[in-house]
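Please keep the sequence and the structure in view while reading.

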Amino acid sequence: MTPPPPAVGADPALVERLAAHRTVGAAPRPELEWLATHGTVQHFALGDVLARAGEPITLGMIIMFSGRGSHHQQHGGAWRKVMEWRGGDVTGMLPYSRMTVAPGNSFVEEPVEALVIARELIPQLPVACPAVTAALVHAMLDRARTFKASDSQAEKMASLGKLAAGLAHELNNPAAAAARSAALLAAAAAESDSASRALGAAGLTPAEAAMLDALHQECAEQPLAGVMSPLERADRVEDISDWLQAHDGNDAFSTALADTRVTTA
C-alpha cells in the first residue's frame, strides 16, 4: 500500500508533538502529517463529559497530549471506574470498532489537551494511516481486555457479597440460638433456686426425701413420648392431671410428667 503524500499545511509543531506521542509516535511522518491536517486541537475542562452512557458516541478519536480522563460503568447498581486515559493514550472512537453507543460515562478528571479526529474521518484511517491504524488496533484490544477484566471482577465481587451475606446469616443463627438458650438457662436457674428453697422449707422426713429422690430418678430416665400413641399420651396426661388436682398439686406439670416413666402409683 502506497503511503499518503505529505499533507499540505500541516503544522510542524503539531507533527512534532504527534511524533513524541507514546501510541502513534512511531508511525511514518506522512501519516502524522495527515493526522495533524485532519484533526483539531481541543481543550477539555475538569468535569467535562466526553461520553454519556446509552448515548451515541459523537466526539470521534481523541489523541491525548496531556491531562487525564476516566470511564465509569454501572455494576450492580453502583458506578465503578473501569479505566483511565492520560497523555500519550488514544481514546474515543477507534478504527474497526463496532461501538456506536457509549457503555458508560467518560469524564475529564484533569484538564485535557488533545487532537480530535472527527468521527466521519475514522473510516479513512486504515488507508491514509495504516501504521497508526495498526497501533490503534492494539490499543483497542487492550481496551477490550480491560473491559472484560472489569466485568469479571464485578461478577466476582457480587459473588463474594452473596457469600458474605450467607455466611453472616449462618453465623447469626447459632449466635441467636445461643442467646435464647442463655436467657432460658437464666430463667431455669432462678426457678430451680426457688424450688430448692421451697423444698427445704417443706421439712421432709428421710423416708419422704428418699421417695422424692426415687421420683426424680424416674423422671431422668428415658422418656415414654416416643413409644405412646397420641391417644395413649392424651389419656396419660389426663390421669396425671386428675391425680395432681386430687392431691393439691399443680396440674400444669401434667404434660411434662406424662413424657416420663413416673406413674400415679
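A salt bridge joins the side chains of D89 and R22, with 2.3 Å from N to O; the term denotes a side-chain nitrogen of Lys or Arg within 4 Å of a carboxyl oxygen of Asp or Glu. D89 belongs to the loop between β4 (78-86) and β5 (90-92), and R22 to the loop between α1 (12-19) and α2 (29-38), so the pair ties together parts that are 67 residues apart in sequence. D89 counts as buried, at 19% relative accessibility, whereas R22 counts as exposed, at 57%. Here buried means under 20% relative accessible area, exposed means over 50%, and partly exposed lies in between, for a 1.4 Å probe and protein chains only.

The model is a predicted one, in which local features need pLDDT of at least 70 and side-chain atom pairs count only at pLDDT 80 or more, while totals for chains, interfaces and linings use all residues. Residues are numbered from 1 along each chain as its sequence is written, and side-chain values use heavy atoms, with hydrogens and water left out. The predictor's confidence in each residue, pLDDT, runs from 0 to 100. Its average over the protein is 81, and 83% of the residues score at least 70. Over residues 1-7, pLDDT stays under 50, and the model has 9 contacts beyond four places in sequence for this stretch. A contact means heavy atoms within 4.5 Å.

The protein contains 7 helices and 6 strands. These are DSSP runs numbered from the N terminus, with helices (H or I) of at least four residues and strands (E) of at least two. From the N terminus on, the order of elements is α-α-β-β-β-β-β-β-α-α-α-α-α. Among contacts with a separation of 6 or more, 76% are accounted for by residues 24 or more positions apart.

How many salt bridges does a search of the whole structure find? The count is 11. Side chains of opposite charge can pair when their charged atoms come close. R29 and E33 both lie in helix α2, 4 residues apart, about one turn of the helix. R29 is partly exposed at 37% relative accessibility, and E33 is buried at 15%. Another salt bridge brings together the side chains of E84 and R86, at 3.3 Å from N to O. E84 is partly exposed at 29% relative accessibility, as is R86 at 41%. E84 and R86 also belong to a network of salt bridges that links R68, K81, E84, R86, E109 and E110.

R17 lies over the face of F65, at 4.3 Å from the ring centre; the criterion is NZ of Lys or CZ of Arg within 6 Å of the ring centre and within 35 degrees of the ring normal. F65 is in turn one of the residues touched by G87, together with R22, M64, S66 and G67, not counting residues up to four places away in sequence. G87 lies in the loop between β4 and β5 and is partly exposed, at 25% relative accessibility. The C-alpha atoms of G87 and M64 are 4.9 Å apart in space, although these residues are 23 residues apart in sequence.

Attention now turns to the interior. Of the 265 residues of the protein, 30% count as buried. A nonpolar core is a set of buried Ala, Val, Leu, Ile, Met, Phe, Trp, Tyr and Cys residues joined through side-chain atoms within 4.5 Å. The largest such core has 29 residues, of which L18, V24, L35, M61, I63, L115 and I117 touch the most other members. The elements giving two or more residues to this core are α1, α2, β3 (61-75), β6 (105-117), α3 (125-128) and α4 (130-201). Its largest share, 4 residues, comes from α2. Not counting residues up to four places away in sequence, the contacts of I63 include L18, V24, L35, L115 and I117, as well as D89. A second, separate core of 9 residues includes F44, M64, M83 and A114.

One backbone detail remains. Y96, in the loop between β5 and β6, has a phi near 70 degrees, a positive value in a residue other than glycine. Y96 is exposed, with a relative accessible area of 57%.
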